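Here's a walk through a two-chain model, starting where the chains meet.

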Amino acid sequence: MRLVELIRLALARLAVSRLRAALTMLGIIIGVASVIALVAVGQGATSGITSQLEALGTNLLTINPGATTTGLVRGAAGSATTLTTDDAAAIGQLEGVAALAPEARTQQVVVAGSQNTTTQIVGTTADYAHVRNFDLWQGSFLTSAAVQAGLRVAVLGATTADDLGLGASAVGSTISIDGLPFTVVGILQPKGGVGFVSQDDQILVPIATVEKYFTGSDSVRTIDVSVASADQMTDVTNAITAELRTRHELAAADADDFSITNQAQLLSTVGNVTAILTALLAGIASISLVVGGIGIMNIMLVSVRERTREIGIRKAIGARSSDILLQFLVEAMTLSIIGGLVGTALGILVSAGIDAVAGWPLVINPTTLVLAVGFSGAVGIIFGVWPARQAAVLDPIAALRYE
Amino acid sequence: MTAPARGDEPWYGAGRDLAPAVPIVEINRASRVYRMGEVEVPALVEADLRVEEGEFVAVVGPSGSGKSTLMNLIGCLDRPTSGEVRLGGTSVADLDDDGLARVRSRFVGFIFQAYNLLPRTTALENVAAPLLYQGIGRGERLARARATLERLGLGDRVGHQPSELSGGQQQRVAVARALVTDPPLILADEPTGNLDSHSGAEVMALLRELHRSGRTIVLITHDADVATTATRQVHIRDGRLVA
C-alpha cells in the first residue's frame, strides 16, 4: 500500500477520535517543547554571558600579584604588593603587547557641589579605555601627557556621574576627591555589570596621581594587557612570566608571585560549563519524550483491542498482515510526528519568552529542530511497532468473531 | 451485470478460461480438527464438494454442524488440517498467508451475518475498502464503489455511516462491498440471520438476481426456507457433508 493511502487512513482515524489523539500527542508535545526550549535557553544564556565577557575586552590578559604569606596563613590572591608600575612599564616593552593598563585602586569620598559618594578611584593609563573596551560618552579620556605628568584630572563612570548629579555639562567642572580638586575631563558610556562589580561605578585618574596623592606606593593591583592577536596569547603569557620572574629575582624552584588570567580561557570554560548544563537539561527533558512514547504505545494497544473486529474485516476483504502492520504503525507515527511539530512550535515560543525576559538573544539551532522532530518520529516507530505487530498477527477468524 | 476485464490474476484467471473443466470450488477429503488442549475436536470430516462456475449452492445445517468451518476454508480464512481445497484450480495449501490474503482480495467476496461494515466509515468508503488492498488508486476506487452502490439502489446513501442505515441497507452495502472487486465467488454466511423477514427476503432476491446474471454463489445457512433460493442444496451434519 502506498504511504499516502496509509497517511490518509491514519488521519481519518485520528479525526474520528480527536480528543484522544490530542491527549496522546500531549506527552510528545511536552517532551519536544521542553527539549527545544531548554537547549535554546541554554544556548541563549551562553551567548549572553559570552558577549558580556567579550565586552571586557578580547585578547585580554590580566596579571594579578600573588598572595601574601604571613606566618603560615596565606592571604587572598592579589593581596600582595609585588607588582609595581615599573613591572608594568617593562611588560609594555615586550613583543606582542598592543596596549597596557595597570590599575592602582583606592576608595575615596568624592564630592561634587552638594552631592557626595564613596567610590573606587582607579589609577591607570591612557590605554585603559582601549584595553577594557570603554567608550566615552562626553569629553575625552585620560591623555598620555596627563598620565605622565600625574595631573589631577578624572574620567567618571556612568553610574558615578549619575550619583554625583553630573550631566553632559559637567566636563570641565571641578570635583573633590578626598578633599583635593580634580578636573572632570570625560564621562564614560554605561557598560552593564559583570558579576557583582559594576564597571560603571568608578573614577579613572592617572596612575601617578594615585601614587602621589593617595597611596604613596608604586604597587599596582592589576595589570591588564591587550595582546596584538589571539594566536599570540600563549607566547605573550610566557614572555610576561619570564620577564616578571627575572625582575622579581625568583629562583627556579620558587612559585610565581603573580598570576596571569587569560580571557579566552575564561570564555571557553564558561562555554564548556553551559554546554554541559544544556546537555544535562536536554537529557532530562528527553525522558519526557520517552514517557510520551509509552503513552502512544498504551493508546495504540487499547486501539488494537477496540478495533479487533475492524482488523478481521480488513483481513477478510483482502488486507495482508503487512497492510495492517503498516496501518497501525503509520497511525502511531502520525501521532508522534504531529506531536513533534506542535511541540517544536511551542518550544520556540517558550524559549523566545524566556530569552526575552532574561535579555538573552534567541538562539534556535536548526540541528536541534531536525533532531527533535526526527526523534519524535523514531519514538513513534519504536513504541508503535509492538501494538502494530499485535494487530497484524491477529487471526482473521477470531478477529471477526470478537465482540 | 457484465464483468469488467479482470486482467492480472494469472493464478486462477488462466484456469477460468478453461471452464467448464475447472470448478470454482473443489474440496477433496478436507478435514479440519481443532485442538482444545489435549482434546482434538473434529469440526469437518473428509468433506467433498464441487461448485461449478455459475452455480448457486446452499450449505445447510444446524449450528455447530461445521458450516462456519467449511465457509472459513472456502473463504481462505483458514487451511484444512488434511485434504485439499482448490479454488479456481489452485490448491490453497500451497499458499502462504499473503497468498491467502491475495485470494480473499481477488477471488472471494464475503457477505456476513453481522454485515461487518467498518464503523464510523461511510458506505462509499466501506465499499471502496477492498479495492484499497488491490492497490487501486483513490479516484478509481471511489468511482467503482459509487457505481456498485448505485446498481444496488443505494445511490442516495453513499455518504451515510453504518449507524445511520437500517439492517437491510447495511447488508446491501455489504453485498456491494462483496461485488466491487468483481470476484469469481460470492460467499454468503447467514446473510439474512440478523434481518427481519422483509429485509431478508430483499437480500435473498438480490442474491437470486446476482445468480441469474452469472455469479457463482455459496450460501451458508441453517434456515431450510432460505436454502430453497439456491439451485442446489448440500446438507452438513456433525462435520460431515450429506448430499
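This is a predicted model: local features need pLDDT of at least 70, side-chain atom pairs count only at pLDDT 80 or more; totals for chains, interfaces and linings use all residues.

Residues are numbered from 1 along each chain as its sequence is written, chains are lettered from A and ligands numbered from 1 in the order in which they are written, and side-chain values use heavy atoms, with hydrogens and water left out.

Let's look at the interface. Chain B puts 23 residues into the contact and chain A puts in 23 residues too, with contact meaning heavy atoms within 4.5 Å. Together the two chains bury about 2000 Å², 61% of it on carbon and sulfur atoms; that area is the accessible area (1.4 Å probe) that two parts lose on being put together, summed over both.

What about salt bridges across this interface? The rule finds 1, where a salt bridge is a side-chain nitrogen of Lys or Arg within 4 Å of a carboxyl oxygen of Asp or Glu. Arg141(B) pairs with Glu5(A), and their closest N and O atoms are 2.9 Å apart. On the chain B side, helix 3 (97-106), helix 4 (123-132) and helix 5 (138-151) each supply at least two of the residues that touch chain A; helices (H or I, at least four residues) and strands (E, at least two) are DSSP runs, numbered from the N terminus. Helix 3 of chain B gives the largest share, 4 residues.

Stay with that helix for a moment. In helix 3 of chain B, 7 of the 10 residues are buried, so it is largely enclosed by the rest of the structure. Buried means under 20% relative accessible area, exposed over 50%, and partly exposed in between (1.4 Å probe, protein chains only). Among the buried ones are Leu100(B), Val103(B) and Arg104(B).

Now the backbone. Most residues other than glycine have a negative phi. Glu46(B), however, has a positive phi of about 40 degrees; this residue sits in strand 2 (residues 39-51) of chain B and is partly exposed, at 42% relative accessible area. Arg120(B) has a positive phi of about 50 degrees, and its place is the loop between strand 6 (108-111) and helix 4 of chain B.

Finally, chain A is divided into domain 1 (3-52 + 268-401) and domain 2 (81-256), with bounds from an automatic or database domain assignment. Their C-alpha centres lie 57 Å apart.
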